[in-house]
Amino acid sequence: MKRFLAGLVLAVAAASPATAGGLEDALARGVLRVCTAEAAPFAVRTPSGELIGHEVDIAARLASDLGLSLDLKVTPPREVLNRLNAGDCDIAISALAIDPARLVQVWMTNPYSESDIRIVASARGPFRAEQLNVPDTVIGVVTGTLAAEAARTRLPSATFREFPDLLGAQRALDDGAINALAFKEPIPTLTAAAAKPQRYAVGDGPPLARTADAMALRKGDVNLLNFLNGWISARRRDGFLDANQSYWLTTLDWMARLKPAAEAK
């Protein structure tokens, strides 16, 4: 089946008048190069150094369906699209929310995953996001994310502090430099679950917003865009994408895989 699929893609590409792009190049070299950023649970390393995660499973299944080897290129979050446009990878699979600013830089596929944007805060009990809408509450956000935009829109009276990456924002929350952090799930839930009991809580009620994540590719690569959209449709119908999202984004079962072997027994 994999050989048939790869052969079919080659035949379609050969029949197209378009110039060679990411799909044709990947098939010719036998390797699919995917840029991603390391962040749990999207792409995270186990104690043995293996890269696992929601985006990793998607990239691996995509490469397998094409009959190709997978070359995952771990990139700083702010450099993913730059590396893609520089030709270092064929596609980017990095929990990238569809956003007008990103659409100026790259093409994006149909969504393969959706996430709620919520707030995790230093709190000893349940709270609602609206309670943070006061000037003396400092909310951390990551520059350029939809979570930052959503939090500012929904909580205009709060004070905001921007961070270049998620790790910096999480450290500020742990250090008490900020009172809360707005980000898409499952980061808020993971932050609360990994902390000491009663230290953090995730806001109750409706999310601040909802994001749709998609793969990114260089502009003009029509063959690759067509294939990826078809692949997403097929893998949604057969249940792969929903099962992958359920495991990585709605449970914490995968955290056992991050424990050292001796501790996991």
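Which residues of helix H7 (residues 166-175) are buried? Keep that in mind as you load the model, which is a predicted one.

**Stop 1: helix H7**

Select residues 166-175. The buried residues of H7 are Leu166, Ala169, Ala172 and Leu173. They span an arc of only 125° around the axis, which puts them on the same side of the helix. The spacing follows a general rule: an α-helix has 3.6 residues a turn, so residues three or four places apart point the same way.

Now turn to the opposite face. Arg171 and Asp175 sit there, and both are exposed.

Next, show what the buried residues of H7 pack against. Four strands to select are S7 (113-122), S8 (138-142), S9 (159-163) and S10 (180-184).

At the start of H7, select Asp165 and Leu167: a side-chain oxygen of Asp165 comes within 3.4 Å of the backbone nitrogen of Leu167. After H7 comes Gly176, with a positive phi near 85°.

**Stop 2: the largest pocket**

Stay with H7 and display the largest pocket. Its space is about 1,200 Å³. The lining counts 45 residues, and the closest to the pocket centre are Pro77, Val142, Thr145, Leu166 and Phe183. Leu166 is also one of the buried residues of H7.

Colour the lining by element. Those that give two or more residues include helix H4 (80-85), strand S5 (91-97), helix H5 (100-105) and helix H6 (146-154). H7, S10 and H8 also belong to that group. Which element gives the most to this lining? It is H7, with six residues.

**Stop 3**

The structure holds 17 salt bridges. Select Arg235 and Asp65 for one of them, where the closest N and O atoms are 2.8 Å apart. Arg235 lies in helix H9 (residues 222-237) and Asp65 in helix H3 (residues 54-66), so this pair ties together parts that are 170 residues apart in sequence.

Are the two partners buried or exposed? Arg235 counts as buried at 16% relative accessibility. Asp65 counts as buried too, at 8%.

Asp238 is partly exposed, at 41% relative accessibility.

**Stop 4: a link between strands**

Move to Glu114 and Arg210. They form a salt bridge, with the closest N and O atoms 3.1 Å apart. Glu114 is in strand S7 and Arg210 in strand S12 (residues 209-217), so named distant parts of the chain, 96 residues apart, are linked by the pair. Glu114 is partly exposed at 38% relative accessibility. Arg210 is partly exposed as well, at 49%.

**Stop 5: backbone features**

Some background first: most residues other than glycine have a negative phi, and most peptide bonds are trans.

Select Ala40 and Pro41. The peptide bond between them is cis, with omega near 0°. Pro41 lies in the loop between strand S1 (31-36) and strand S2 (44-45).

Then select Glu185 and Pro186. That peptide bond is also cis, with omega near 10°. Pro186 sits in the loop between S10 and H8.

Finish at Ala95, in strand S5. Its phi is positive, about 50°, although it is not a glycine. Ala95 is buried, with a relative accessible area of 12%.

Technical notes: Residues are numbered from 1 along each chain as its sequence is written. This is a predicted model: local features need pLDDT of at least 70, side-chain atom pairs count only at pLDDT 80 or more; totals for chains, interfaces and linings use all residues. Side-chain values use heavy atoms; hydrogens and water are left out. Buried means under 20% relative accessible area, exposed over 50%, partly exposed in between (1.4 Å probe, protein chains only). The arc is that of the directions from the helix axis to the C-beta atoms. Contact means heavy atoms within 4.5 Å. A polar contact is a pair of N or O atoms within 3.5 Å; within protein, one must be able to donate a hydrogen and the other to accept it, and residues adjacent in sequence count only if both atoms are side-chain atoms. A salt bridge is a side-chain nitrogen of Lys or Arg within 4 Å of a carboxyl oxygen of Asp or Glu. On a 1 Å grid over the protein atoms alone, a cavity is a set of points where a 1.4 Å probe fits but cannot get out, and a pocket is an open set with protein on both sides within 12 Å along at least five of seven lines; lining residues have an atom within 4 Å of a point. Grid points are joined across faces, edges and corners, and a volume is the space filled by probe spheres set on the points.
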